[in-house]
Structures are given as structure tokens and as C-alpha cells.
Amino acid sequence: MGRKVKQKIILNNIEVLRAGAKGVSVGKTEEGKTVLIKGAIPGDVVDVHVLKKKSSYFEGQAVAFHKQSEYRVEPKCEHFGVCGGCKWQDMSYDAQLKFKHDEVVNNLVRIGGFKDIENETDYIVGSKEQYFYRNKLEFTFSNARWLTLDEINSGNDFNDRDAVGFHIPGAWSKVLDIKKCHLQRDPSNAIRLEAKRYAVEHGLDFFDLYNQEGFLRTLMIRTSQNGQLMVLVQFYREEKENREAFLQNLLDKFPEITSLLYAINPKQNDSVYDLDIQVFAGEDHIMEQMEDLNFKIGPKSFYQTNPEQAYELYKLTRDFAGLTGDELVYDLYTGTGTIAQFVSKKVRKVVGIESVPEAIEAAKAAAERNGITNCDFYCGDMKDVLNQEFIEQHGIPDVIITDPPRDGMHKKVVENILFMNPKRVVYVSCNSATQARDLDLMKEQYKIVKVQPVDMFPQTHHVENIVVLERI
């Protein structure tokens with residue numbers, strides 16, 4: 001007996017009502033069932049091919065448009081819709097800001113239970129640059145580039161399968177060959193294209209992600225606002241003559257490279273953190289400046305990828321902390337200590353806590369380099385380090401600044417903040433849903449006095465949010 005063919009479900013004339021999480025949009029059927037839609041934006045009226053059917057909602061792809069949204073614009077990038085990196089590029093920037101702002105407010109209302117939060121929420125701060133704002137991109141070499149639907153439908157045989165670009169969402173072993181990316185300023189695109197041109201011309205093996213073999217593996221490009229430029233190439237195996245010729249060609253073509261690095265990586269992943277990075281030419285780092293602070297950025301360093309907007313975020317965080325010069329501040333999830341050092345001149349002392357040892361070492365080194373003596377940094381899991389013994393040793397803070405990862409704060413961390421009961425808490429978050437969850441746990445002791453969304457990543461659904469709490 002033959003297998004039963006799965007019936008294709010099409011939902012007709014679905015009006016897209018709002019932007020949802022992770023770049024999808026939300027509509028409803030006539031019966032009131034939620035539809036999560038890829039490839040559509042609020043205001044569109046579309047037919048939806050259902051890809052997943054659940055008891056309370058559908059997930060699907062827009063396949064036909066009966067009406068196009070007033071928010072629609074023509075995407076700048078030729079790779080839009082395939083790459084998956086800039087899912088909102090077909091939406092005007094004003095509309096992007098509106099929906100990001102609405103997401104923050106909705107999460108605080110729906111998850112946090114703050115019914116009148118709109119009164120405390122200032123409109124989202126937009127980014128001055130909507131394109132070419134990133135200071136770091138990582139590209140993958142692949143011998144099996146992703147073929148577009150047009151190429152597949154053409155019936156041609158394609159021998160040019162080498163690619164330098166981004167992984168296709170949901171198809172990790174396939175890489176889209178990028179002609180021009182609108183996220184990082186020149187000479188990023190030129191470096192990537194030259195790397196591919198030279199490799200193809202000289203018959204160098206592009207990496208086979210499926211079989212884990214080949215020569216050229218990844219290309220990372222980092223820039224700083226003062227014009228310094230880092231390039232790191234990962235090779236799967238050592239071929240000294242080919243490696244040196246490949247790197248020398250990049251240096252000859254782009255003498256503005258100030259840090260040219262390489263690593264031999266035979267592992268099953270591309271992570272740089274456990275690799276031995278070698279200097280081929282120039283320095284082993286680039287420098288970034290924010291006000292009078294200087295930060296040394298190596299190939300393994302974390303630094304905000306939109307530095308101009310990060311400066312706006314940090315200024316707002318510092319202003320909202322209401323510092324007078326005599327405060328003890330705890331900076332939770334301090335990372336490399338950027339915020340801690342940024343507020344240090346306006347406080348008596350900052351205590352920073354972070355779980356990543358390399359980040360703490362970088363924070364200490366940066367503070368020493370910048371002549372900052374009132375910042376102490378401690379390493380360990382936040383829920384374990386921030387205990388009553390630690391608090392007794394370092395004192396009850398006047399202000400807490402917390403900037404946790406996307407998962408938000410552990411319940412124990414929230415409990416210890418409530419135990420310390422500082423006058424003010426400034427909560428910076430890249431996920432307003434988990435932020436709202438944590439704030440709900442604090443509402444008996446704290447009231448929200450200000451909410452300020454900040455757009456760090458134009459053309460995407462991501463949004464940062466600052467919430468200021470004052471002790472009741």
C-alpha cells in the first residue's frame with residue numbers, strides 16, 4: 001500500500017496584523033486562530049502555505065499577495081529573502097522602529113503585567129546608520145554553495161559551486177555566496193571577493209562542511225571607528241606555501257590591513273576561542289575608542305558590533321543611573337567591563353561580575369590601560385558569586401546595572417538584588433520578554449520609572465531595552 005500524500009494547506013486572504021518574535025509576522029484566520037507568517041510584513045494581505053499545524057496556531061510562508069503593506073520598501077540587498085540575515089529589509093525604517101517599540105511595550109504588559117507602562121516608555125532611539133553599521137562579520141568558505149530556486153529551475157549544470165558567504169538558515173552545510181553585503185563598510189566586501197578570486201584562480205580547496213575536509217575555512221573581518229582593520233583566516237590544515245601566498249596577496253591588495261592573522265583549525269567547529277591565533281603581519285589586535293576610553297580588541301574579544309549605537313546605549317545607561325559621584329555600583333554580567341569603565345568617573349567604586357574568565361582578564365587589562373583604579377572585577381557564575389558573603393565583603397550597592405544574556409537573570413540573582421535592595425536598578429536587555437519576566441518578580445519592591453528601547457540592529461527584529469527601577 002502506497003504512502004499517503006500529505007495534503008497541502010493554504011490559508012487564503014490572511015491580513016498581517018503585527019510583527020511577531022524572531023522576524024515573523026502575525027495574522028489570524030476567520031476563526032481567530034493565530035498564524036505565524038514568514039515573508040510578510042504588517043499590512044500585507046496574503047495567502048499562506050501552512051508548514052506547521054499546531055492546536056493553537058499555524059506556521060507558514062506567504063505565497064501570494066492580495067494587498068501590499070504601506071510599510072513596504074524595496075530591499076537594498078540582492079540576497080534578501082535567501083540570506084536570512086536582514087529579515088526586515090523590505091520594511092521602512094520608521095516602521096521597523098514602530099514595531100520594535102511596540103514589542104517592548106507588549107512584552108512588559110503581557111508578560112510583566114505592567115498595564116500602564118506606555119506612560120513611562122520613551123519612544124525608541126533609532127540608529128543613525130541603517131546600513132554598514134557592523135564592525136565584525138564572519139564568512140565561511142564552502143565547496144557546495146546554495147543554489148537559488150531560479151538556478152535550480154533553469155535546468156543548467158553548475159560547476160562553480162565554491163562560495164564565500166553566510167550559512168543558510170536551517171541548512172548548516174550550505175553557504176550562500178555573497179556578492180555584496182550591506183552590513184559592514186568597505187573594504188569588507190572587496191576583501192571577501194578578492195579572497196574568493198585568488199582561491200579559485202589558484203585552485204585552493206574550499207571547505208567541505210559535510211565531509212569536514214578542505215583548505216580554506218573561514219574569513220573574519222573586524223573594523224574600528226579609527227580606521228584600523230583586522231582580518232583572520234582559518235585554514236583547516238597547514239599548507240605553508242599556499243597559506244603564505246594567500247595571506248600575502250590580501251596584504252598586497254589591502255595595505256590598510258593593520259592586523260592580519262591566521263589559525264589552523266582541524267576541529268569540528270569554527271569557534272576561535274580555543275584556537276592558537278598567529279600573526280602574519282601587523283598587530284595582534286585593533287583599538288577602539290569611546291570618549292577617553294581605549295579598548296584593545298583581539299580576534300577573540302567581545303565588543304558591541306554596532307559601536308556608534310553602543311555609545312548611545314551606554315550614555316543613556318549612565319544618565320539613567322542618576323550618579324552623583326559617591327555611589328557604590330554593582331555591574332552585573334559586566335563582560336569586558338565596558339559599562340563599568342564608562343560609569344567609573346561618576347562613582348566612588350564599581351564592582352563588576354562576569355562568568356567568562358577571558359572577559360574578566362580583558363576588563364582588568366582595559367581598566368589598567370585606561371588608568372581606572374576604582375573598578376574591581378570578579379569571575380564566576382552570577383547566581384553563585386553574588387551571595388550574601390560577597391555582599392557583606394563588598395558592601396550594599398547604591399545602584400545596580402545589569403545587562404544579562406538573552407535568557408535573562410537566574411531567579412537566585414533576582415532574589416539577591418531584592419535582598420540588597422539598592423535605591424536604583426538599571427536593567428539593560430537584548431530580550432524584552434525575559435526582561436519583563438524578571439521585572440515581574442521585582443514589582444513588590446520596585447517601580448518602573450523609565451523605559452527606553454534602543455535600536456542596535458537595523459533591518460532585523462532585534463531590539464535593546466533599558467528599564468530604570470526605583471525602590472518603593
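Predicted model: local features only at pLDDT ≥ 70, side-chain atom pairs only at ≥ 80, totals over all residues.
Local features require pLDDT of at least 70 and side-chain atom pairs 80 or more, while totals for chains, interfaces and linings use all residues. Residues are numbered from 1 along each chain as its sequence is written, and side-chain values use heavy atoms, with hydrogens and water left out.

Begin with the salt bridges (a side-chain nitrogen of Lys or Arg within 4 Å of a carboxyl oxygen of Asp or Glu), of which the structure holds 28. Select Lys100 and Asp455, whose closest N and O atoms are 2.6 Å apart. Lys100 lies in helix H1 (93-110) and Asp455 in the loop between strands S20 (446-454) and S21 (464-471), so the pair ties together parts 355 residues apart in sequence. Helices (H or I, at least four residues) and strands (E, at least two) are DSSP runs, numbered from the N terminus. Lys100 is buried at 0% relative accessible area, and Asp455 is buried at 0%; buried means under 20%, exposed over 50%, and partly exposed in between (1.4 Å probe, protein chains only).

Next, select Arg318 and Glu291, joined by a salt bridge at 3.0 Å, N to O. Arg318 is in helix H5 (307-320) and Glu291 in the loop between S13 (286-290) and S14 (293-297). Arg318 is buried at 12%, whereas Glu291 is partly exposed at 35%.

Then select Glu470 and Arg424, a salt bridge with closest N and O atoms 3.2 Å apart. It links strand S21 with strand S19 (424-429).

Finally, select helix H10 (411-420), where the buried residues include Val413, Ile417 and Met420. Asn421 follows H10 with a positive phi, near 50 degrees.
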